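Subject: Structure handover

Hello,

Here is the structure I said I would pass on. My notes on it follow below.

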Amino acid sequence: MAKSENELTWKDIEIGAAVIEPGSAAAYRTGDWRSQRPTYDFSRCLKCGICFVFCPEGCIRQNQKGFFEANPYYCKGCGICAYECPTRVIVMREEEEK
Amino acid sequence: MKGKRHGIEVSIALADAVKLCDADVIAAYPITPQTHIVEHLAELVAEGELDAEYIPVESEHSALSACLGSAAAGARTFTATAGQGLELMHEVLYVASGMRLPIVMAVANRALSAPLSVWGDHSDAMAVRDTGWIQIFTENGQEVVDQIICAFKIAEHHKVLLPVMVHLDGFNLSHVIEPIEMPDQQDVCSFAPHNRSPLTLHPNHPVAMGDFAPPVVFTEAKWAQEQAMLSVKPTIIEVWDEFARKFGRPYKPVECYKCDGAKNLLFTMGSFSETAMTAVDKLRQAGVDIGLVRLRLWRPFPFEEFRAAVKDAETLLVLDRCISSGGPGGPVASELKSALYNLDKKPKVVSFVGGLGGRDITVAGFEKIIVDGLELAEKGQERIFEIVGVRE
Ligand code: SF4
Ligand code: SF4
């Protein structure tokens with residue numbers, strides 16, 4: 001898309017809200033109803049990838065340092081990664097909290 | 001006026017009009033009082049008189065769903081229904097308008113159960129008034145034929161691309177035999193040629209239609225659709241004017257009958273309007289100050305034309321053939337009230353509900369509505385609406 005979804009005005013909508021470009025649901029922000037988000041203390045991280053395996057959204061990727069981290073664009077805040085992490089790296093915090 | 005008029009059942013004439021428009025796909029489920037329309041279309045297709053796909057389906061929900069696919073592929077698509085059938089289509093009605101598919105549907109208006117009734121009123125039409133379809137009401141068989149032809153041209157117009165419902169009163173219109181002038185095939189072809197939507201399904205130009213819209217774009221999508229709906233009235237008027245030039249029969253969004261100088265106006269939609277005209281004639285002769293406003297275009301609602309028609313009136317008597325249960329009584333009356341609300345000078349509105357489930361309102365019935373209505377306007381209406389002819 002030339003514009004991101006939250007820049008689209010009603011005039012940019014195709015007739016019948018059709019999608020005329022190829023693409024996938026990857027363009028959809030699915031993380032906008034999250035009330036909690038995962039926060040990390042990577043000093044305890046084993047880089048085991050268990051969180052990556054269990055995330056039902058498939059939104060966890062390895063960052064440049066090799067740690068596994070959620071992409072907030074898609075993360076729904078379900079807390080499964082935090083529950084599964086064997087070393088309690090991940091703590092779920094309220095979205096409003098710093 | 002050209003051509004010869006001959007006696008024909010309105011449903012059959014309607015089906016013949018669909019044939020004149022050379023529809024490509026008809027998907028429909030027969031339901032009283034619409035049955036004769038699709039039966040005749042099925043015959044026309046079976047006998048090779050109409051080169052179209054006739055899709056027999058197992059319900060109205062499927063009928064309109066099949067129409068979605070065919071219209072999305074760019075085929076000229078027709079269906080017809082009534083009453084409960086229209087309600088069974090309800091969710092698909094939103095899909096058709098949201099996807100901007102130019103489907104044409106005839107609705108032989110019928111009451112909604114329970115108690116079971118196959119007879120006519122406007123409950124079905126009113127229940128779907130917010131579904132994003134253009135809605136046109138007809139008064140007689142000739143108008144049914146003419147409006148079906150106009151509906152294809154309107155729906156497929158590049159400035160419109162919205163589905164259109166043509167309403168005809170169940171039985172009162174669908175089953176009567178009237179003298180009707182069928183337009184010439186060549187004239188219809190040149191007036192309403194197939195107009196392909198700029199956005200249709202095609203393997204060479206893949207598009208995805210009816211997609212998922214998360215909260216971040218749904219409002220924009222709906223507003224785009226609403227802007228389309230709000231801007232179609234000039235095109236509808238243009239099509240009607242062109243029809244008048246070609247076929248000699250003019251149509252307007254709001255039509256006035258003996259309104260000039262009238263302080264009191266009666267408001268009707270559909271086939272009752274013709275009976276109401278006779279009542280207005282009689283009362284006028286008896287010296288009663290009364291005119292008649294008939295609405296042809298229900299969606300989009302022609303606010304300017306309506307306000308202009310009633311601007312000098314002191315009293316507006318409105319007949320609804322539907323009850324908005326537990327609400328304002330007549331849905332049309334409440335809509336008219338809201339159309340007038342912001343005006344400084346506005347007529348008093350007296351709301352009547354009658355003609356439900358096939359109950360006839362005769363000329364004498366309309367005379368009584370007018371006389372009672374003027375009295376109520378004078379002394380003030382206590383109830384939200386008056387029910388016509390109910391046995392106490
Ligand atoms: S909170 Fe849920 S959605 Fe977000 S990263 Fe963890 S497992 Fe995935
Ligand atoms: S599950 Fe915990 S320890 Fe394993 S990679 Fe994820 S955050 Fe690190």
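The axes of helix 11 (residues 272-285) of chain B and helix 14 (residues 363-379) of chain B come within 8 Å and cross at roughly 65°. Axes here are lines fitted to C-alpha atoms, for helices over the stretch in contact, and angles run from 0 to 180 degrees between N-to-C directions. Helix 11 of chain B is therefore roughly perpendicular to helix 14 of chain B (65 to 115 degrees; under 35 counts as roughly parallel, over 145 as roughly antiparallel, the rest as oblique). The crossing of these two helices is right-handed (the near helix is turned clockwise from the far one by less than a right angle; anticlockwise is left-handed). Helix 11 of chain B brings residues including B:F272, B:A276 and B:L283 to the contact, and helix 14 of chain B brings B:V363, B:F366, B:E367 and B:I370 (contact means heavy atoms within 4.5 Å). By class, eight of the contact residues are nonpolar, two polar and two charged (Ala, Val, Leu, Ile, Met, Phe, Trp, Tyr, Cys and Pro count as nonpolar, Asp, Glu, Lys and Arg as charged, and the others, Gly among them, as polar).

This is a predicted model: local features need pLDDT of at least 70, side-chain atom pairs count only at pLDDT 80 or more, and totals for chains, interfaces and linings use all residues. Residues are numbered from 1 along each chain as its sequence is written, chains are lettered from A and ligands numbered from 1 in the order in which they are written, and side-chain values use heavy atoms, without hydrogens and water. Helices (H or I, at least four residues) and strands (E, at least two) are DSSP runs, numbered from the N terminus.

Helix 3 (residues 60-72) and helix 5 (residues 90-98) of chain B pack at about 10°, with axes 9 Å apart, which means that helix 3 of chain B is roughly parallel to helix 5 of chain B. Their crossing is left-handed.

Chain B also has an open, mixed sheet of seven strands in the order 3-2-4-5-7-6-12 (strands pair if DSSP finds at least two bridges between them). Its edges are strand 3 (53-56) and strand 12 (297-299) of chain B.

Ligand 1 is surrounded by 14 residues, the closest being A:C55, A:C75, A:C78, A:G79 and A:C81 (a residue is near if one of its heavy atoms lies within 4 Å). Around ligand 2 there are 13 residues, with A:C45, A:C48, A:G49, A:C51 and A:C85 the closest.

Regards
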